[in-house]
Amino acid sequence: MAHTARKNPKKEIFEAPEVIDRKAKVLADLIRKSKHLVVFTGAGVSTSAGIPDFRGPEGVWTLMAQGRQATKKSVDVLQAIPTKTHMALVELQERGILKGLISQNCDGLHRRSGIRADMISELHGNTNIEYCKNCGKEFLRDFYAVAPDNRPLHDHRTGRKCPICMTHPLHDTIIHFSEDLPLGPWTRAEAHCEKADLCLVLGSSLTVTPANELPQLVGERAAAQGKKQQTQQPDTNLVICNLQDTDLDYLCPSPDHRIYARTDDLMERVMHYLSLPVPDFYVRRRLIVETDVDANPAGGRHVVTVKGVDEDNSTPASFLRTVKLVTAGGRPRIVKTEPFVLGWRGKIGDMEEEQNGSVAECGADEAKIKSETLTLALEFMGNYGEPGFELQHTVRASMPDNESNPEAYQQRQVASTVYELVYNPRNGTWVGLLYR
């Protein structure tokens, strides 16, 4: 907090563009040769998204230490667009180059940008994640999933109950000063640093303990190798990119390993020398639509359940405000709270003509397939100004050719479909795709 920052912060240093370019080329070569690249990020990777850092000249803690108010308006974290640095790391992940990402940031931009849950160790938590201590389940939210301000500092209850355990409270994942880091992310991060042959620090002052001990572990190994191999480059390298001096600068093997630049400026040049693109950011939402239909030819009651999930298709993700169901012959139905469960009555719609040939060719015991298209009108949280989207979901039910024999069909039929919804914030359009 403020007591960890200086009233007179360290000076920010901006190296010349040609120096940054030369060092980016060196770093790209190190990345190309690396077998286990680990990246360690701090608040500096998010400043170009409009989120202030902590210990810079206009940092949050610096201003508090000086008793000043911020002069620039910051962006709401929920509306912040992941930066070029975030997106470059996503590309390195997708190429199999990045092996582990360790972050001190709570802003959730790494996960939002496309970094997988199994790739990142968020040492200080994530303002969009809450969890149940009883069952261990995490819940990813498109809103602030943090304890209310009126609770004591170390009371992490968010005020919501676990939908799995029903009665146990959910807790936020934010780590306050004096609290222990979460064991799982720490253990995973430490394991990556023990394997790392290259650790790249981006936008961190490396002030906060014990997080700063992780790049220190890599740097000390690099320094020990350097003493043994005085005539050649060590097998392990520590590279630091930060505008201010850090306490670990002495562990960088050479001046080319210490870069004074904005992280976006560096990573754009690095990706250029790696001949890799920096991808655009898209809002990606994973949706599971489950149907439970009554295949009785006379009709019955049917249920559709709509739920958001993370990229693992398992972790619940809350990004919908409402879901409205529109069927061919019924009135619209709307649900405004999770779980989004909607029902309708009647017969499943028209028979599909191309099941085992035409209907006329079907034998007496062969099943007919009847289908009905549901319109699911989705309203999102709208943090990126995303409009609603109408998803056309087809329900299919297998019916016996001889509908007069009630024992010839399975009365209730359950199906599940996964959709990938992709929103382009540059032109304001959604695309809905079947996932695999």
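The second largest pocket holds about 770 Å³ of space. This is a predicted model, in which local features need pLDDT of at least 70 and side-chain atom pairs count only at pLDDT 80 or more, while totals for chains, interfaces and linings use all residues. Residues are numbered from 1 along each chain as its sequence is written, and side-chain values use heavy atoms, with hydrogens and water left out.

**Second largest pocket**

- A pocket here is an open set of points on a 1 Å grid over the protein atoms alone, where a 1.4 Å probe fits and protein lies on both sides within 12 Å along at least five of seven lines.
- Its volume is the space filled by probe spheres set on the points, which are joined across faces, edges and corners.
- The lining of this pocket has 34 residues; lining residues have an atom within 4 Å of a point.
- R111, R112, G114, R284 and E311 lie nearest the pocket centre.
- Elements giving two or more residues to the lining are α3 (84–94), α4 (109–113), β5 (138–141), β11 (283–294) and β13 (317–318).
- Helices (H or I, at least four residues) and strands (E, at least two) are DSSP runs, numbered from the N terminus.
- Helix α3 gives the most, with five residues.
- The lining divides into 15 charged, twelve nonpolar and seven polar residues.
- Charged means Asp, Glu, Lys and Arg; nonpolar means Ala, Val, Leu, Ile, Met, Phe, Trp, Tyr, Cys and Pro; the others, Gly among them, are polar.

**Salt bridges**

- Side chains of opposite charge can pair when their charged atoms come close.
- A salt bridge needs a side-chain nitrogen of Lys or Arg within 4 Å of a carboxyl oxygen of Asp or Glu.
- The count comes to 20 salt bridges.
- E130, R141, R160 and E338 are linked in a network of salt bridges.
- R95 pairs with E91, with the closest N and O atoms 2.7 Å apart.
- D155 forms salt bridges with R151, at 3.7 Å between the closest N and O atoms, and with R157, at 2.8 Å.

**Burial of the paired residues**

- Buried means under 20% relative accessible area, exposed over 50%, and partly exposed in between (1.4 Å probe, protein chains only).
- E91 is buried at 10%, whereas R95 is partly exposed at 49%.
- D155 is buried at 17%.
- R151 is partly exposed at 27%, and R157 is partly exposed at 36%.
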